[in-house]
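Work through the exercises below with the sequence and the structure in view. Try each task before reading its solution.

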Amino acid sequence: MPLSASSSAAYIQNTSPTSNGAPSTRPTSLTIHPSALFSILDHYLRRTDAQHRVIGTLLGTRTDSTVDVKSAFAVLHSETDEQVAVDMDYHRAMYDLSARVRPNETIVGWYSTGSDLNTYSALIQNFYSQETAPHQAVHVALDTGTEEGKGAGVKAYVSSPIGIFPKPENCVFVPIPCELRFHEAEHSGLDLLLSSNASPTQSDLDVLASTLTDVQNMLNRVLAYVQSVLRGEVVGDKAVGRYLMNVLGTGVEEDGGWTAGLQDTLMVTYLANLVRSQAEVSARLALTTSV
């Protein structure tokens, strides 16, 4: 998303006197979730033809040595041979909106597409280091693999100032280990995207039918295991038994769950049968009265 002519962007010049002091804490590894990668790719696909790359803000959590990137949002910016412009007002407005939805996530750094690291990257890194102070800002470079001779991939960096009197444009980007991490809820979506049988022409009902088939197969495996344990063919695992008991909810649960849902279903079935019986009795009584 390029900047409009009336944008309130702050133009970052190479002659900025701001010092790029090194924060006291520097992460040594980074983990990123698929939702953040998909947001970056979506931003890249919506770029204009004049944009060489896109940038945005990374949100997540951090410890003393690791950064966990959970989401991201796009930031308006424009680059020329003379200067780079970043819409800081838009960046802060988007962060305020994100904080209302995900209050536990803070700014941990920024992202860009492509593998080029230049002076403008150092200036943007300096800006985000001020946003994440006293922590070190991380930079995620996502190579989409669209350029000839370059493969797709994700790299993570932290910056280190160089020189006796370091300037914002004088820093070196140091790579750190980057790992993809996903929750169990994201696993099914990733399996669908990575599946060789996935077709863009599949309807929602086809995807639902495939998911239900997978669930049925897993239930059949569990049932076969339980029956083999009851027959004495295999020795039962106590941990598996406790897990199945917690999942299926054999007892009465305070927050409801599978047992409460089953009881509700049985109650609805009972009431439906009762109404049907009352209707049949009323119809026969009416027929007897008329005769």
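**Exercise 1: Salt bridges**

The count comes to five salt bridges, a salt bridge being a side-chain nitrogen of Lys or Arg within 4 Å of a carboxyl oxygen of Asp or Glu. This is a predicted model, in which local features need pLDDT of at least 70 and side-chain atom pairs count only at pLDDT 80 or more, while totals for chains, interfaces and linings use all residues. Residues are numbered from 1 along each chain as its sequence is written, and side-chain values use heavy atoms, with hydrogens and water left out.

Task: which parts of the chain does the salt bridge of R53 and E79 tie together?

Solution. 
1. The side chains of R53 and E79 meet at 2.7 Å, N to O.
2. R53 lies in the loop between α1 and β3 (55-62), and E79 lies in strand β5 (residues 77-79), so the pair ties together parts that are 26 residues apart in sequence. Helices (H or I, at least four residues) and strands (E, at least two) are DSSP runs, numbered from the N terminus.

**Exercise 2: Burial**

Task: is R53 buried or exposed?

Solution. 
1. Buried means under 20% relative accessible area, exposed over 50%, and partly exposed in between (1.4 Å probe, protein chains only).
2. R53 has 5% relative accessibility, so R53 counts as buried.

**Exercise 3: A second pair**

Task: which helices hold E131 and R92?

Solution. 
1. The closest N and O atoms of the E131 and R92 salt bridge are 3.0 Å apart.
2. E131 is in helix α3 (residues 119-132) and R92 in helix α2 (residues 88-101), 39 residues apart.
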